[in-house]
Every structure is written in C-alpha cells, then in structure tokens.
Amino acid sequence: MLTLHPAKKQTTVNTPRIGLAIAGGGPVGAIYELGALRAVDEAIRGLRLHDLDIYVGVSAGAFIAASLANDITTADMCRIFTGHNHAEYLFEPEKLLKPAYREYLQRARQVPGVVTDSLIDIVKHPLNASVARLMGSLGQAIPSGIFDNEAINRFLMGVFESSGRSNDFADLKKKLYIVAVDLDTGAAVRFGGDDHRDISISRAVQASAALPGMYPPVKIGDQYYVDGALRRTMHASVALDEGVDLLLGINPLVPYDSSSQLDDNPHIPIKKLIQGGLPLILSQTFRALIQSRMNVAFRKYRETHPETDLMLVEPNRGDEEIFFTNIFSFASRNALCDHAYRLTRMDLLRRADELDETLARHGLSLDRELLQQHSRSLQDSLNAEWSGHSKVGRNLSRILDDLEWELDRLAVG
C-alpha cells in the first residue's frame, strides 16, 4: 500500500536532499522491508537507496538503515537475509532466540536477598502483608529479557568492520541516526547525533532493537536503552528536521483485516485471531497502535514540513502472507521477500502517474518498462545485479557502479 503526501509548497529542486526512514517490525518486518525497498530501488531512475543523504532507523529498521548507510546495496541485503547462495554473510535468525543465560543467572543471584527482605518486611508489618505485595517484591528477580541480543551486535560488527566499511558513525559519508529510548527517562535518543556519536553503530542498533520483555535493555555508558519504537513508530521527523526535500518511509506493521479473505484460503491457518491466543492478540494490538501513530504523524508532517514530499510504503491490511509468515524458515523468508517485492512493484505501477509528477520535482522518474514486466521476481532482480563471490570482486563491483553513476549524473547535468 503506497501513500503519497505531496508537498503543500511544491518546488523543483536541482540537487535534492533525500532521506529514508525505516520503522521496526521484528524479523518479519525486516524481510518485508527488504523486498519492498528492493522494488523501489530498481524502479526509480536516479535513485540509489545506499547513496542517500540521511538515514533514520528504528528497531529492526535500524539493521537496514545502518547497512544502507554503509554502502551495502538492497540486492546484497536481500541475499544476506534470505540465505542466498552468493550472500556475503550468513544471517541466522535462530541466533536471535538464544536464551539470555547471563541475565537469568544475574537475576537468580538476587532471589535469596529479595526473599529475605520480603520475609523481614512481612514480620515487621504483618497487617500490610499480601500476595500482591510479595509478588511485587519478587518481581525484581524476574529476568528483564527472555533472549540474548548480543548476537545482533556481533553480527553487525563483523559486517561493518570488513570490506572497507565502518562501525563508527564519524566515518560514514552519510548521516545515520539510530533511535533508542533511555529506560530511566523515557526520552528518545538519536545515536549518530552530535551528543551520541562515541559508540559503535552495531551497539546502537542492538539498543534500538531491544524490545522490552523479549530482550534485556542494552547498557551504553551508564545508561540503559530499549526499543526506539516505544516513543514513535518511525521517527521520520529526525530526517525532516535535517531539511530533506523528499522523504521515503517504510512501515511493515499494519493491523490485519481478515474480513475480506476467502474461507478456503490455504494461507490463513485460523479464521478468527482469537483462535491464535495471546501472541496474535498482542501482535494485532501492537500493529493497530503503530499504524494509528503513523497516520497521525504523517498528517502532522504535511503541516510542519510543507515543502517536503512524503512517500510511505506499507503492506496491505488483508495480506495474510505477511501476518502468518514463519520467518525462521529459509523458504518462508524467500517467499515473503519476493511477495513484498512483487506487491510493491504493483503499487508503484498503479500509482505511476502520481509518482512521476512527484519524482520529477527531484530529478527522478519511474522505470515503467521495468515495472510492466509482470512476471519479474526478486530472484530475477538479484540475478540482474552482478555480485562477485569474493570481497575483492564485490569491492570492484561497487567502485565500477559508483563510477558509472557519476558519469551518468555528469552527462545529465
């Protein structure tokens, strides 16, 4: 589902500043975002998503934003996250479900002291004793997260500290902001900003993706940080405040609407979300809150930034393949990424006339001929972009790609 918010004060910009804001959504959301971004990347002439001016990433979207800012193309990211044979790195989402044993141990050590203090309190104040009060005291010993998120930091550290990339905000040629929330103050923190540039990018991503309950808060300096989506869905205002002329946003979380689905649809394992129990109920609730905040924010942006064109990509509300996907299967990951790629291409073609009018103000245009190849798959797209199997080959490919891009830009100018 493609939403356009044309600038209220429309002007043509010779050298536009373009920003990309990517929301969270867990592993499923990240795979959807990759497929959609790949479709956008190849369909808009004059646009390279790994060569924009400003990137803003939140939670799972921070993975992608940080990678793009490090010159990793959408094609290479699709290969990495879908387990492609020629992927530069192997991403294993199963590692994100490793129990947080260290956190369990640290909390377990507190149990004797907490129990002793609770018993002493009961003896001293027997009239105030209650099960609720006892449970409140014992809550201090409950682990702050189920799974260990250190794997996020280790994986990205390996990616960013190789092949001429960097794990340091200061070394990037583009502006990158990773948003997390300070646990003690509830304030949103922009890692990559002037006051928060002295940490590694990989650690910032880990902090931004620390969903409370699932992962322990991440300690950076003397503070603890959790998922950046707790304050806002996408934090697109970070890029808007930098003065971008065109903002591309992508949000993978929309509430699922089963009312339009056929009863015999094999992709729908249940007919009513209540049958899926608490996990699906929480997922639907979270998605509804996310999209509601998103809609309010984008309406506000039109008033606060009237000279900026806004383009938002989201799934369709009746898309059962996204809602019910098992992301831990290679086959499911490939299918979902391809599904997002195809649907986004359809949306781009359907809105081609409106898009061309908006894109033209920034020296961009749609490749209609490419979009009219209705059978084109994500695999076809990846095959069309050559990628060497060695690091030397990949670096040479990037250099030649950059050279070709600059020559084309000079020819147009």
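The structure holds 18 salt bridges, each being a side-chain nitrogen of Lys or Arg within 4 Å of a carboxyl oxygen of Asp or Glu. The model is predicted, so local features need pLDDT of at least 70 and side-chain atom pairs pLDDT 80 or more, while totals for chains, interfaces and linings use all residues. Residues are numbered from 1 along each chain as its sequence is written, and side-chain values use heavy atoms, without hydrogens or water.

**Arg345 and Glu42.** Select this pair to begin: the closest N and O atoms of the salt bridge are 3.7 Å apart. Arg345 lies in helix α12 (residues 330-350) and Glu42 in helix α1, so the bridge ties together parts 303 residues apart in sequence. Helices are DSSP runs of H or I with at least four residues, and strands are runs of E with at least two, numbered from the N terminus. Arg345 is buried at 5% relative accessibility, and Glu42 is buried at 16%. Here buried means under 20% relative accessible area, exposed over 50%, and partly exposed in between (1.4 Å probe, protein chains only).

**The end of α12.** Select next Asp347 and Arg350, which meet in a salt bridge of 2.9 Å, N to O. These residues are three apart in α12, about one helical turn. Asp347 is buried, at 10%, whereas Arg350 is exposed, at 55%.

**Arg351 and Glu354.** This salt bridge has an N to O distance of 2.7 Å. Arg351 is buried at 14%, and Glu354 is partly exposed at 41%. Elsewhere, salt bridges that share partners join Arg38, Asp41, Glu42, Arg345 and Arg376 into one network.

**Helix α1.** Select residues 26-43, the 18 residues of α1. Of these, 16 are buried, so the helix is largely enclosed by the rest of the structure.

**The nonpolar cores.** A nonpolar core is a set of buried Ala, Val, Leu, Ile, Met, Phe, Trp, Tyr and Cys residues joined through side-chain atoms within 4.5 Å. The largest has 80 residues, and Phe191 is one of those touching the most other members. The largest share of this core, 10 residues, comes from α1. Apart from it lies another core of 21 residues, including Val58 and Leu240.

**Cys78 and Cys337.** Finally, select these two cysteines. The sulfur of Cys78 is 4.0 Å from that of Cys337, its closest cysteine sulfur, too far for a bond. A disulfide requires cysteine sulfur atoms within 2.5 Å, and the whole structure has zero disulfides. Cys78 is buried at 0%, and Cys337 is likewise buried at 0%.

Methods
The expected span of a helix is 1.5 Å times one less than its number of residues.
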